[in-house]
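Please look over the sequence and the structure below before reading on. The report then takes up a few local features in turn.

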Amino acid sequence: MLKSIGTTLIVAALTLPSPALAAGLKVAVVAPADGPFAVLGKQITDGAAFQAADRGSEIIPVAESCDPAGGEALTKALLASGAEAAIGFLCTESLEAALPALAEAEIPAITLSVRSDILMEDALKKKWPLFRLAPSGKAEAAAITDAIVTHWRDKPLALIDDGTIHSRELVESVRNALAEIGITPVFTDTYRPAQEQQVSLVRRLAKSGATHVFTGGDRNDTAVIARDAKAENVPLTLLGGDTLNAADLDVPLENGVLAVTVANAARSSEAAPTVTAMRSAGIEPDGYVLPAFAAMSLLEQAKDQAEKDDEAILDALLKGPYATVLGPIRFNSAHERTESPYRLMQWQDGRFAAATEIGKSE
């Protein structure tokens, strides 16, 4: 279907800053085809197919069940596909099942979603060919720490979590990193999540003297805290993690709330031509559409580099950087992106935008 929109695809081809046109590449696209994650699976397939059609590559859809019991079937399908590489992998279970066989077949895999640090450590130890476009779990804590050190070093700081495993571990990682450089919060606390109001927490924060608060909680809890602080006339600058990049639930997020999160690639100037082309083709570049497009482009350029250097695609992936709609991408020796995709963003009028004038939020 996409091959019929020649003009649109020419526009898409102009997205990247003049990479050499890659030879056709056969790529397995591992993504859910049904069930609760089918919408995300379609985003991956749409993004990969759009780039494949432009460059003469071929994608082979491989259904991902996200169930450990489906690991054997997934592995067989991957090996039978004849693919030179694989992208997608929304679920840790799928990767764990497939990676040993992919390693034996020397087929690199790029996950767009899985952030498990333990899995990546295992992959490096066992020499599994896993690369990650999704940021690592450690990268979020590092980016949050950097934001606090850069902008809040001399501010009365509070660190709060909601008691969940992710929130507690994230806040503890930030606390430990700050302690190493001599920054101690004036207040720490664990609050009950999913409450209709957080007035008592806001009052405890005010009593502590804290004016700047990092919360490891989710978007709705953060919105409640911001609302109640405003109602109590308590001046708090709130900063959250990637969980704030979600939809409003019961309480809308207040303007000025900060988040360390991954910017929406569809709004970047680098992606603008591709976004226009996709929308002309009836594809909305939401979710995993652009990351899948980027992964295909990256692999095609890596194949060109591999042919030039007479080496495997697996080795070429460690070169670069390769130009993509997500910006230049280079993998380090740990198979992670050398540049963190996390950015300090500020909620303003219905969306997160770059927090370029941080003073206005304080």
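Where does Pro-321 lie? In this predicted model, Pro-321 is in the loop between helix H12 (313-316) and strand S11 (342-348).

Most residues other than glycine have a negative phi, and most peptide bonds are trans. The peptide bond from Gly-320 to Pro-321 is cis, and its omega is near 10 degrees.

The loop between H12 and S11 also holds His-335. The phi of His-335 is positive, near 65 degrees, and the residue is not a glycine. Is His-335 buried or exposed? Its relative accessibility is 11%, so His-335 counts as buried, the cut-off being under 20%.

Ala-194 is placed in the loop between strand S7 (187-190) and helix H8 (199-208). It is a residue other than glycine with a positive phi, near 60 degrees. Ala-194 has a relative accessibility of 66% and therefore counts as exposed, since the cut-off for that class is over 50%.

## Helix H7

Helix H7 covers residues 165-180, which makes 16 residues. From its first C-alpha to its last it reaches 23 Å, close to the 22 Å expected at 1.5 Å a residue.

Which residues of H7 are buried? They are Ser-167, Leu-170, Val-171, Val-174 and Leu-178. These residues lie on the same side of H7 because they cover an arc of only 90 degrees around the axis.

On the face turned away from the buried side are the exposed residues Ile-165, Glu-169, Ala-179 and Glu-180. After H7 comes Gly-182, with a positive phi near 85 degrees.

## Helix H2

Helix H2 (residues 38-55) has 18 residues, which should span 26 Å at 1.5 Å a residue. Its end C-alpha atoms are 26 Å apart, so the two values agree.

The buried residues of H2 include Gly-41, Gln-43, Ile-44, Gly-47, Ala-48 and Phe-50. Gln-51, Ala-52, Ala-53, Asp-54 and Arg-55 are also among them. Just after H2, Gly-56 has a positive phi of about 75 degrees.

## Helices H3 and H4

Two packed helices are described by the angle between their axes and the distance between the axes. For helix H3 (residues 71-80) and helix H4 (residues 92-105), the axes come within 9 Å and cross at roughly 35 degrees. The crossing is right-handed.

Which residues of H3 and H4 meet? From H3 they are Gly-71, Leu-74, Thr-75, Leu-78 and Leu-79, and from H4 they are Ser-94, Ala-97, Ala-98, Ala-101, Leu-102 and Ala-105. Sorted by class, this contact has eight nonpolar residues, three polar ones and no charged ones.

## Ala-105

Ala-105 lies in helix H4 and belongs to the contact with H3. Its relative accessibility is 40%, so Ala-105 counts as partly exposed. Ala-105 and Thr-243 are 138 residues apart in sequence, and their C-alpha atoms are 37 Å apart in space.

How values were computed. Residues numbered from 1 in each chain as written. Predicted model: local features only at pLDDT ≥ 70, side-chain atom pairs only at ≥ 80, totals over all residues. Heavy atoms only, no water. Axes fitted to C-alpha atoms, helices over the stretch in contact; angles between N-to-C directions. Helix = DSSP H or I, 4+ residues; strand = E, 2+ residues; numbered from the N terminus. Left-handed = near helix turned anticlockwise from the far one by under 90°. Contact = heavy atoms within 4.5 Å. Nonpolar A, V, L, I, M, F, W, Y, C, P; charged D, E, K, R; others polar. Expected span 1.5 Å × (residues − 1). Buried < 20%, exposed > 50% of the residue type's maximum accessible area, 1.4 Å probe, protein only. Arc of directions from axis to C-beta.
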